[in-house]
Amino acid sequence: MTAEGKAREMAERHDGPSGEDSLIARYFKPLATDPGAFGLDDDAAALRAAGEDIVVTTDAIVEGVHFLPDDPPDTLARKALRVNLSDIAAKGAEPAGFVLTLALRRAEEAWLKPFAQALGEDAGHYGCPLLGGDTVSTPGPLMVSITAFGRVPQGKMVHRAGAKAGDRVFVTGTIGDAALGLDVLRGGPVAADLAVDVVGRDFLAARYRVPQPRNALAKAVRAHASAAMDVSDGLAGDLAKLCVASGVAAVINVPSIPLSSAAAGLLARKAIDIETVVAGGDDYELLCAVPSDHVDAFLREARQARVAVTAIGGLIAGVSPPSFLDGQGRELALKRLSYSHF
């Protein structure tokens, strides 16, 4: 048999590890540190739960929709994991692990190495190890999909439903930065306004590319929030979802909404309007309803966790879209409440 014939026979027999197996072994097996991952050598993983509920969430990020084609691979890895960690935190749960689905046009060392390194760093930092997953090839856009698991004491997961009239509304961090960061990266009006403000541009771009999940606040959310969710599609729209689930309405004091100095400056110069801030999406901050008799404890535990939280309004009886009031108590008319995929 000729050398060419032997090569063809080997290819047909699929002797040795496949390209996918080699890719997994090289880049992702080192991340599978949990015993239940079985070193990624099995077809499934196992999570143990003793007196706990397992919280499950999943999010995908798609090229051209959730990130730009030239975004660095390390930021994609961090964003893909962190948007799921944000959901885990909003449920008052602690991270337990995740599975990864990666759709690639081609397997390139220059892309995979920094992606896997950043993913491993975040997995270690947040205590959320890789448990398994899948890698596939695609002729279409790059996609990273993660399903994350969290642990919470039985029956203690915090839902969207459960908020009551009289509860205070809190958000973590600052609102609107990610939407402004996307405009910066696309070279839009925000980028033009910040043409000489390199620090501001870089800050906003980083807020879009690399969310900051508030997992340090999970215990306080579990102990004190009557309802919670993370802000992914826009503060106004996500608050509306929480209100519908809980059967309440909300009144929000717009001047109380926490803004970064970059966002506040843009708003003051009228380079943006408040709708851009509250409906832009990709904040990945936590939105919590907290009963009045839990507010002091919630604030105290947030300080201990070193997570900034701000009261922005309250919940009232009724079923209506949230009201956003300006500094004079006048209701603002918002044309849109959130980002929509469809």
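These are legends for several close-up views of one predicted protein model.

**A word before the views.** Because the model is predicted, local features need pLDDT of at least 70 and side-chain atom pairs count only at pLDDT 80 or more, while totals for chains, interfaces and linings use all residues. Residues are numbered from 1 along each chain as its sequence is written, and side-chain values use heavy atoms, with hydrogens and water left out.

**View 1. The whole protein, before we zoom in.** Of the 342 residues, 49% count as buried. Buried means under 20% relative accessible area, exposed means over 50%, and partly exposed is in between (1.4 Å probe, protein chains only). The protein exposes about 16,100 Å², and carbon and sulfur atoms supply 53% of that; the areas come from the Shrake-Rupley method with a 1.4 Å probe, and for residues only the protein chains shown count as cover. Take the contacts between residues at least 6 apart in sequence: 86% of them join residues at least 24 apart. Contact here means heavy atoms within 4.5 Å.

**View 2. A four-stranded open sheet.** The strands sit in the order S1-S4-S2-S3, and the pairing is mixed. At the edges are strand S1 (52-62) and strand S3 (130-137), each pairing on one side only. From one strand to the next, the twist averages 15°. Two strands pair if DSSP finds at least two bridges between them; S1 and strand S4 (residues 143-153) run antiparallel and are joined by eleven bridges.

View 3. Helix H4 (residues 109-125) lies across S2 and S4, and runs at about 170° to S2. For these angles, axes are lines fitted to C-alpha atoms, for helices over the stretch in contact, and the angles run from 0 to 180 degrees between N-to-C directions.

**View 4. Proline 129, in the loop between H4 and S3**. This proline counts as buried because its relative accessible area is 12%. Setting aside neighbours within four places in sequence, proline 129 is in contact with Leu31, Thr33, Asp34, Ala96, Gly97, Phe98 and Ala123. Alanine 37 is 92 residues away along the chain, yet the C-alpha atoms of alanine 37 and proline 129 are separated by 8.7 Å.

**View 5. Strand S5 and its two partners.** Strand S5 (residues 168-172) is mostly covered, with four of its five residues buried. Four bridges join S5 to S8, and the two run antiparallel; valine 171 stands opposite leucine 287 in S8. S5 also runs antiparallel to strand S9 (residues 309-316), joined by five bridges. Here the partner of arginine 168 is glycine 314 in S9.

**View 6. Helix H10, with a buried face.** In helix H10 (residues 261-268), the buried residues are Ala262, Ala263, Gly265 and Leu266. Seen down the axis of H10, these fall within an arc of 160°, so they line one face of the helix. That arc is taken from the directions from the helix axis to the C-beta atoms. Turned away from this buried side are the exposed residues Ser261 and Ala268. What covers the buried residues of H10 includes helix H5 (177-186), helix H6 (189-193) and helix H7 (198-209).

**View 7. Two loop residues with positive phi.** Lysine 270 sits in the loop between H10 and helix H11 (274-279), and has a phi near 65°, positive although the residue is other than glycine. At 72% relative accessibility, lysine 270 is exposed. Aspartate 282, in the loop between H11 and strand S8 (285-290), is not a glycine either and has a positive phi of about 70°. Aspartate 282 is buried, with a relative accessible area of 15%.

View 8. Cysteine 243 is buried at 2% relative accessible area, and cysteine 288 counts as buried at 2% relative accessibility. The structure holds zero disulfides, a disulfide being a pair of cysteine sulfur atoms within 2.5 Å.
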